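This report looks at how two protein chains meet and at what lies inside one of them. Please keep the structure in view while reading.

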Amino acid sequence: MKYGIQLVGVGGQGVLLASTVLGSAAVSEDMDAAMSEVHGMAQRGGSVQCTVRIGQDVLSPLLSQGEANVLLGFEPAETCRNLVYANKDTYVITNTVPVVPVTVSSGLEEYPAVDDIIKAVKSSGVAKLIALDAASMAKEAGNAIAANSVLIGAMSAVPGFPLSKEKMLSILLERVPAKAKDVNQKAFEMGYEAALKCLSPQ
Amino acid sequence: MEKLLADSGRILLLGNEAIARGLIEAGCGVAATYPGTPSSEIGGVLDDVADKVGMYFEYSVNEIVAMEVAAAAAVSGVRSFAFMKHVGLNVASDAFMTLSYVGVRAGMVILTADDPSIHSSQSEQDNRYYAKFGLVPMLEPTTPAECKDMIIEAFKLSEKLHSPVLVRTTTRVNHARGAVNLSRPKKMQKKGVFEKDPAHLVTVPANARRDRIDQLERIKKAQELSEISPLNYITGSGSDGIITSGVSYTYAAEYIENAEILKLGFSYPLPEEKVKKFLQRKSRVVVIEELEPVIEDEVRRIAQQNGIRTEIIGKRTGHLPRAYEYTPDTLKALSGILKIKEGAQPLSSEIKLPSRPPVLCAGCPHRSTFYATKKAVGKEGAIYCTDIGCYTLGVQPPMNCADITLCMGSSIGTAGGFSEATDQKAVAFIGDSTFFHGGIPGLINAGYNKHNNLVLIILDNRTTAMTGHQPNPGTGRDYGGIESPPLKIEPLVRACGIEFVKTVDPYDLVAIEQAVREALDFNGPAVIVSEHACPLLRKKEGKLEKKLYEVDREKCIGCKICLSKFSCPALSVDNGKPLIDRTSCIGCGGCAQVCPQNAIEVKQ
């Protein structure tokens with residue numbers, strides 16, 4: 001079994017943390033992990049991509065196009081930008097809260113309406129879409145900063161996901177400050193439940 | 001970090017962390033670097049743990065000094081390590097080339113971290129050529145686990161040959177993460193004894209001529225060791241043949257079927273016999289390597305010298321690209337030749353999305369300096385000579401404060417050249433760390449040669465920000481149990497022969513603009529030190545005192561000058577008027593000073 005997750009977002013959103021949680025959970029379950037991260041110049045508010053591949057004998061730190069089992073987007077435009085890693089069976093999880101780039105706020109480019117981005121994602125052929133307002137959910141859990149825990153929770157609910165919900169949560173909580181554990185646990189659970197709801201037949 | 005220091009276990013490590021662990025297990029006593037992506041995180045581990053494990057570690061002022069510090073350790077019988085990004089080896093190359101002549105007593109390993117695809121650099125030069133150029137044996141790890149193992153192996157090899165050994169990594173190796181098995185570290189030896197040996201170590205021509213012969217002997221012996229090295233092995237099965245190294249091996253191993261792969265871990269000198277035999281067994285061999293056809297050309301030479309008619313496919317045949325890093329998808333170019341695994345159809349979308357380049361952070365003092373400098377320069381304009389650091393991002397609109405960048409320190413040299421070769425004003429920008437690294441000779445040159453149209457602005461943010469906030473001479477040292485005071489920039493500038501020098505806080509836009517005006521009017525090279533600590537660092541240290549600014553929507557006339565001219569990422573547009581994001585704004589007050597209506601005010 002080889003399982004690929006492409007994590008995408010904007011520098012500072014916690015993409016790196018989420019990918020390390022995945023890798024650490026896999027290694028603690030005695031699986032192999034091959035991952036790639038973005039550091040340096042690319043982290044200054046630019047697009048950020050991390051790849052996580054887990055399972056037996058994974059070597060390549062990058063995925064081929066269309067190979068991801070899960071595409072986890074921390075920002076809607078970034079999710080859309082990276083659809084090339086997904087295929088029609090990929091679970092696409094996206095935060096619906098935009099981070100508007102300076103190219104847009106300074107008037108040089110335009111940011112499409114979020115609804116249009118979600119429509120574009122669907123019409124590209126994504127059949128299993130989990131779109132969440134992770135910021136509002138995190139706020140409800142106690143702090144908007146826990147949005148990444150909402151998304152990590154949502155990912156843990158994906159059918160066939162190779163790591164257990166308990167494992168993901170415990171590794172996540174090891175990596176957040178003591179005083180933020182409750183909020184992050186709640187955010188994780190909310191993301192998990194919301195994803196289950198998204199995926200259940202209506 | 002405790003996990004990294006354990007005696008055993010299987011843990012998830014970044015390639016760079018695995019390299020640091022390799023140094024600990026190998027008992028490397030001295031390590032030195034100048035930070036540079038993608039090698040920086042090695043230093044991040046070492047400045048934390050070096051004194052705990054009994055190693056001496058330093059951030060040197062630049063790469064050549066790092067190389068010299070490590071070389072002295074190795075000729076004194078102490079295992080040593082110098083590490084840097086690919087272009088760092090250009091800086092260190094003068095020492096590197098001669099070190100290969102004089103050789104070493106204890107193991108010395110030099111790591112070059114190359115950056116195919118130019119993720120965070122100014123070029124994607126292939127430093128495997130340095131191994132050939134300097135006749136220095138080279139190892140190329142593929143995964144984090146191999147990073148650790150090959151560092152240990154490189155020390156052994158260096159000691160067998162009395163030659164420094166180059167370990168060449170790439171971004172996808174340094175910044176890959178994978179499981180690594182830990183072993184018990186060797187005893188650390190930090191101090192040695194230097195025994196005089198001028199006949200080898202002092203490279204006057206008569207000695208260097210003898211050293212040259214020794215060097216050729218060493219590389220010949222290295223070739224024999226490469227031949228029997230377990231780091232060069234054949235794996236997989238099938239009729240097709242592949243020769244590869246580094247991260248490219250992972251793509252070949254996982255995404256190509258029915259192929260036998262000769263994986264080269266000890267890739268310079270090549271195991272010629274092994275390559276020859278591999279070629280003889282195959283009617284066609286594909287060489288898969290990123291960037292330049294280094295292995296491919298060697299393989300072609302071996303085939304030619306041995307009269308082997310095997311077809312060799314690679315870059316020279318136009319099948320594989322030279323530019324940019326490879327991915328599993330790069331191999332699709334070989335679909336008519338090798339059996340490439342078929343994957344699912346990728347999705348795509350037509351919707352137009354805005355670009356998202358990296359930008360200066362909210363509250364970055366460089367933004368204020370650029371804004372004020374442009375105002376002071378006015379319509380007449382200037383040639384903006386910039387340098388290597390966060391401030392290279394000043395190239396983007398609306399700042400457009402970058403007209404040329406070559407390398408560390410080049411801002412001052414090029415500005416001096418423009419000052420003589422044109423009648424335009426030349427304004428150079430350089431960061432504090434880059435100034436210490438490579439700027440000082442340029443500044444001495446400007447004073448000495450009277451480059452009178454030159455204005456240098458030293459962007460002193462009290463850290464080496466881009467690579468992860470490493471200390472530098474200007475910040476003083478406080479790690480590894482060693483403390484030293486900060487080196488002050490202003491007296492240093494004066495000592496370089498510069499008469500006009502002023503230090504200003506760029507958060508005061510009026511003051512910095514006035515200072516730049518005076519510098520531009522001064523008849524002679526002039527220097528402004530624009531000093532304000534990087535807020536990102538202050539935040540990390542828990543010392544950032546945030547102020548909250550807000551837009552008074554009644555006063556605001558919606559001119560959006562704050563957005564179009566200052567373009568801080570904390571600003572966005574809400575119903576035609578700017579809105580300040582509370583989480584990202586740190587309260588530098590720049591936008592408030594830019595606003596013609598005084599509509600942006602401190603709230604808290």
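## A salt bridge between the chains

In this predicted model, A:Glu78 and B:Arg356 form a salt bridge, with 2.5 Å between the closest N and O atoms. Across the interface of chain A and chain B, the rule finds seven salt bridges. Polar contacts between chain A and chain B come to 23 residue pairs, both residues being at pLDDT 80 or more.

On the side of chain A that touches chain B, several elements give two or more residues, among them strand 1 (2-10), helix 1 (15-28) and helix 2 (76-81). Strand 2 of chain A gives the most to this side, with five residues.

## Extent of the interface

Contacts join 62 residues of chain A to 57 residues of chain B. About 4,700 Å² of area is buried between chain A and chain B, and carbon and sulfur atoms give 60% of this area.

## Nonpolar cores in chain B

In soluble globular proteins, nonpolar side chains tend to be buried together. The largest nonpolar core here has 89 residues, and B:Met67, B:Phe81, B:Met108 and B:Ile288 touch the most other members. Helix 6 (residues 144-161) of chain B gives the most to this core, with eight residues. Domain 1 (3-227) and domain 2 (232-340) of chain B each supply at least three residues to this core.

Leaving out residues up to four places away in sequence, B:Met67 touches B:Ala82, B:Met84, B:Leu89, B:Ala92, B:Ala95, B:Phe96, B:Met108 and B:Ile110. A second, separate core has 68 residues, including B:Cys364, B:Ile430, B:Leu454 and B:Leu520.

Terms used
Residues are numbered from 1 along each chain as its sequence is written. Chains are lettered from A and ligands numbered from 1 in the order in which they are written. This is a predicted model: local features need pLDDT of at least 70, side-chain atom pairs count only at pLDDT 80 or more; totals for chains, interfaces and linings use all residues. Side-chain values use heavy atoms; hydrogens and water are left out. A nonpolar core is a set of buried Ala, Val, Leu, Ile, Met, Phe, Trp, Tyr and Cys residues joined through side-chain atoms within 4.5 Å. Buried means under 20% relative accessible area, exposed over 50%, partly exposed in between (1.4 Å probe, protein chains only). Helices (H or I, at least four residues) and strands (E, at least two) are DSSP runs, numbered from the N terminus. Domain bounds come from an automatic or database domain assignment. Contact means heavy atoms within 4.5 Å. Buried area is the accessible area (1.4 Å probe) that two parts lose on being put together, summed over both. A salt bridge is a side-chain nitrogen of Lys or Arg within 4 Å of a carboxyl oxygen of Asp or Glu. A polar contact is a pair of N or O atoms within 3.5 Å; within protein, one must be able to donate a hydrogen and the other to accept it, and residues adjacent in sequence count only if both atoms are side-chain atoms.
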